[in-house]
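Here is a short report for a reader meeting this protein for the first time. Look at the sequence and the fold, then read on.

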Amino acid sequence: MPFDQLPHLSPEPLHPKKISTTSKFKERQAALDPAPQVATLFDVHPLLEFARTHFNLTAPRASPFHKPVEFDLTKRLEWDKKVISTPLTRLPKDQAAIAVQAFRNVSGFMGNRASGKNQIDHCFKLLRNVVPRSPALKDEIYCQLCKQLTRNPSSNAVMNGWLLLNACLVTFPPSAPLAESLERFISVHIGAGGDSEASSEVSAYALEALTSLRCCATKGERKEIPSAAELRALQRHALNDITVMLADGSVLAMQVSAWTTSRDLAGLVARKLGVCHEKAFALFETNDEGEEHLVPDNERVMDLYAEWERTHVDVNDLKQKKKRKTTKSENPTGETKAPEVEGYHLTYKAYLWVHVDDETAADVGLYYLQAVHNVLSGRYVCDITVAVELAGYQLYCKLGNDATPELANLTNEINEYIPGPLLSSTNRSAVAEQVLSSYKSFMNSWCVQSTQQARLAYLRLCKRQPFYGLTLFHVRNYRQLAVLPSRVILAINDMGVSVLGADSDEVLAMFPYADIASWGYSANSFVFVVIRGTEETEYSFKTTQQGKSINDNVAAYVNYIISLTTFESE
């Protein structure tokens, strides 16, 4: 696997947060001591009422002539070394075999059953088999876990069982009838069992399980099973450490839970950076090839990471299989080099390009970083004169008035300031000299007296260039063919929706939001109605799976403008 495994099952309990200082003799003795008995925590099992109603209480008959054998309900609710032969709950026949296999995975993960698989494989197999199935089968898994956590003689198995219970709770919810009983089962383990290290660990797991139970009841099932990194965080009783990139490639270290959504994380980043217009910025999923997609507000961050990990594992496994087939004769030792993995990132950047009233706000710095990236990547088209002036502002933002760079050094680094298409092997030195001259003129200028003023000057100059602040969508016009060509570009910004020529980039039409009466979309189309005076015109465009993206961008700008109007009226 391309990721680290969880620690393999060992005879000692898992204590990820504490370092034991006991002697080796005491450690061996602790491993042999039984786990705290659940009987001391409750007289009546919390799942008893649920079991009376939903458990399978009759063993399957060997033949129609045998009398039915009743199960002992108390034993059905307690730890069993043997693998169950029938599901605990009443399930359809087509799910019975899956339930029995799930019990094998539960016992294997906990360490009560010898297995060739490691913990992570048992967990992944269990979740992958259960997540697509019915709520009844998911209830079966929770009942199996509660059973194996009741009177289990192994402290190590108890720790592993609570870890697996938490992994299930951050993945799928129990049914409403089971949720109440499960909450009671979890609650009795909080702060119970004394002050021993094992009891404290169980209590910590129970506290987290109770939180997850209440969250999953309202937020529902996840799209992905937890990643290996998320399981390790659950084992440490810790939040998940992730990174968020900015437009210049700098990285922010953040922490999220299994329930943190994209909008939640964007809010955390905004507060960390001091952003004023939170709704103007969002998280984008980007990869090493430069592709990017807006992450929906309700998308869970850890689902993204789990999807990336799953995609990498699937791709790598396929590549490894193909490589083994094609290179088996060339590589008699059987050694294979791990294939290169495509990287994914979360990037925090501007989604709406709006006017910033407060010139001291952190928003200016973020817009500046993104504008620099757009200029150097060629997204904002400019000539060499404008590019030199922008580079002068950029150099001032980097150095201020403190130091004047050497011309030779600036020539070597000129690609960091001037778009590549404007440079050649013959003009690099001359362009660098122009940039240096532009920078020196700003050093003694009353217009630029601080780094923030240089950023604002950079943005003001960018605003005068084509495509600044525009989100572009290539579409096909199929309604107003007499007015617009068939191939056009929809350009959306804070002013409205513009239609550009696909070949000439000429502005063919401009529709302010005040003139757009309504709009709608499907997966492959976007439609809006324009009212000017007494004339009503409908414009309809076909696209490739971008209808929702166009709609969301227009709606975000309109809602932002309305929020500003509402704020001013108050």
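## Salt bridges

A salt bridge is a side-chain nitrogen of Lys or Arg within 4 Å of a carboxyl oxygen of Asp or Glu. The structure holds 16 of them. This is a predicted model: local features need pLDDT of at least 70, side-chain atom pairs count only at pLDDT 80 or more, and totals for chains, interfaces and linings use all residues. Residues are numbered from 1 along each chain as its sequence is written, and side-chain values use heavy atoms, with hydrogens and water left out.

R487 sits in strand β9 (residues 487-493), while D503 sits in the loop between β10 (496-501) and β11, so the pair ties together parts that are 16 residues apart in sequence. Helices (H or I, at least four residues) and strands (E, at least two) are DSSP runs, numbered from the N terminus. R487 is partly exposed, at 39% relative accessible area. D503 is exposed, at 69%. The cut-offs are these: buried means under 20% relative accessible area, exposed over 50%, and partly exposed in between (1.4 Å probe, protein chains only).

## A buried network

E230 pairs with R222, and their closest N and O atoms are 2.7 Å apart. Both E230 and R222 are buried.

D303 also meets R222, at 2.9 Å from N to O. This pair links distant parts of the chain: D303 is in helix α12 (residues 301-327), and R222 is in the loop between α9 (197-219) and α10 (228-235), 81 residues apart. D303 is buried, as is R222.

## Cysteines without disulfides

How many disulfides does a search of the whole structure find? It finds zero. A disulfide is a pair of cysteine sulfur atoms within 2.5 Å.

Take C123. The closest cysteine sulfur to its own is in C168, 6.9 Å away, which is too far for a bond. C123 counts as buried, at 1% relative accessibility. For C216, the closest cysteine sulfur is in C215, at 7.7 Å, again too far for a bond. C216 is buried too, with a relative accessible area of 1%.

## Helix α11

Helix α11 (residues 262-273) has 12 residues. At 1.5 Å a residue they should span 16 Å, and the end C-alpha atoms are 16 Å apart, which agrees. The expected span is 1.5 Å times one less than the number of residues.

The buried residues of α11 are S262, L265, A266, G267, V269 and A270. An α-helix has 3.6 residues a turn, so residues three or four places apart point the same way. Just after α11, G274 takes a positive phi of about 80 degrees.

## A nonpolar surface patch

M495, V507 and M510 form a nonpolar patch on the surface, with about 280 Å² of accessible area together. Patches are made of residues with over 30% relative accessible area and no salt bridge; like charges are joined within 9 Å, and nonpolar side chains (Val, Leu, Ile, Met, Phe, Trp, Tyr) within 5 Å. M510 lies in strand β11 (residues 507-512). M510 counts as partly exposed, at 32% relative accessibility.

## The whole protein

The secondary structure comes to 18 helices and 14 strands. Of the 570 residues, 46% count as buried. The protein exposes about 29,000 Å², and carbon and sulfur atoms supply 53% of it. Accessible areas come from the Shrake-Rupley method with a 1.4 Å probe; for residues, only the protein chains shown count as cover.
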